[in-house]
Amino acid sequence: MRIRNVLILAVLLLGLSRLDAGAIEFPPEPPKKLIVHTVKSGEELHLLAGYYYLDCRQWPKIYQANMGTIVNPNKIYPGEQLYVYVDADWTPPFDLDAYVAKWRPYLLSGTIP
């Protein structure tokens, strides 16, 4: 009886391990392009994420790619060069300087237009 239980358990474990290994297939990552961005006065990570990814909440992507440069994600400094990985076919969606000038005052005051 004991040997039978061990054999059943072994068969189940071997079968489950095969299922786990091939059950999930992820699509390949689309090709990326590296942009070296030189920080200007007034820029912040969430504003850069809004520009490069069209989503300010994606700022951790930029932070993680630049952890050797950025000490505190709340402070980036003019002249720092940051690596930003975007899709290979990325083109600038709008003027970054105008975007920063428009949205930074609202972000600093904590209000939304």
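Predicted model: local features only at pLDDT ≥ 70, side-chain atom pairs only at ≥ 80, totals over all residues.
Let me start with Y52 and W90, both of which are buried, where buried means under 20% relative accessible area, exposed over 50% and partly exposed in between, with a 1.4 Å probe and protein chains only. Residues are numbered from 1 along each chain as its sequence is written, and side-chain values use heavy atoms, with hydrogens and water left out.

The structure holds six aromatic pairs. The ring centres of Y52 and W90 are 5.2 Å apart and their planes stand at 40 degrees, so this pair is tilted; rings of Phe, Tyr and Trp (its six-membered ring) pair if their centres lie within 6.5 Å, with planes under 30 degrees apart called stacked, over 60 edge-to-face and the rest tilted. Because Y52 lies in helix α2 (residues 45-53) and W90 in the loop between β2 (81-87) and α4 (96-109), the pair ties together parts 38 residues apart in sequence. Helices here are DSSP runs of H or I with at least four residues, strands are E runs of at least two, and both are numbered from the N terminus.

F94 and Y99 also form a tilted pair, at 4.8 Å centre to centre and 40 degrees between the planes. Y99 is buried, with a relative accessible area of 15%, whereas F94 counts as partly exposed at 31% relative accessibility. Finally, Y51, Y52, W90, F94 and Y99 form one aromatic cluster.
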